[in-house]
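Please keep the sequence and the 3D view open as you go.

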Amino acid sequence: MVGAGNIGVIVSYQLLQAGVEVAAIIEAAPRIGAYWVHAAKVVRAGVPIYTRHTILRAHGEKEVTGATVVQLDDNWQPVPGTEKEIDADVICLSVGLTPLTELLWQAGCKMVFVPELGGNVPLRNEHLETSVPGIYVAGDVAGIEEARQP
């Protein structure tokens, strides 16, 4: 999980509850943005939270197999010699409340403008798989916002 705001930490906890192993939470800022009541749950479950760190590179050819994580200095630059290797088959980005569609564009996903869904969203099937096989979407970037009734 990348991002230690409330959403990233809560999603990490929900994944743990569903039986998914969460290898780590990576946060570029010097401290987490989430409420400690949420963060404490994942920490008690053994999930490390690395502040002032970022993913230097993701590994894998057709699927993610891991990531290299590195510490950041005061100028947000990687600190040589601080690399950590993390095994993972999914990297979840939780980097704010505005959907980041750039990654989907860069991956070649077909996008459509749907004002009712907040703007550009990827075409997807009933399983939330985009036009690029193996890339799935959920949440705001898919036009699926909070699951509550008006």
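## The sheet

β4 (residues 66-71) and β5 run antiparallel and are joined by four bridges; two strands pair if DSSP finds at least two bridges between them. The open sheet has three strands in the order β3-β4-β5, with antiparallel pairing. At its edges lie β3 (53-59) and β5, each pairing on one side only.

## About the model

This is a predicted model, in which local features need pLDDT of at least 70, side-chain atom pairs count only at pLDDT 80 or more, and totals for chains, interfaces and linings use all residues. Residues are numbered from 1 along each chain as its sequence is written, and side-chain values use heavy atoms, with hydrogens and water left out.

## The cysteines

A search of the whole structure finds zero disulfides, a disulfide being a pair of cysteine sulfur atoms within 2.5 Å. For Cys-92, the nearest cysteine sulfur is that of Cys-109, 16 Å away, so the two are too far apart for a bond.

Cys-109 is buried at 5% relative accessibility, while Cys-92 is partly exposed at 28%. Here buried means under 20% relative accessible area, exposed over 50%, and partly exposed in between (1.4 Å probe, protein chains only).

## Val-95

Val-95 sits in the loop between β5 (84-87) and α3 (102-106). With a relative accessible area of 48%, Val-95 is partly exposed.

Key: Helix = DSSP H or I, 4+ residues; strand = E, 2+ residues; numbered from the N terminus.
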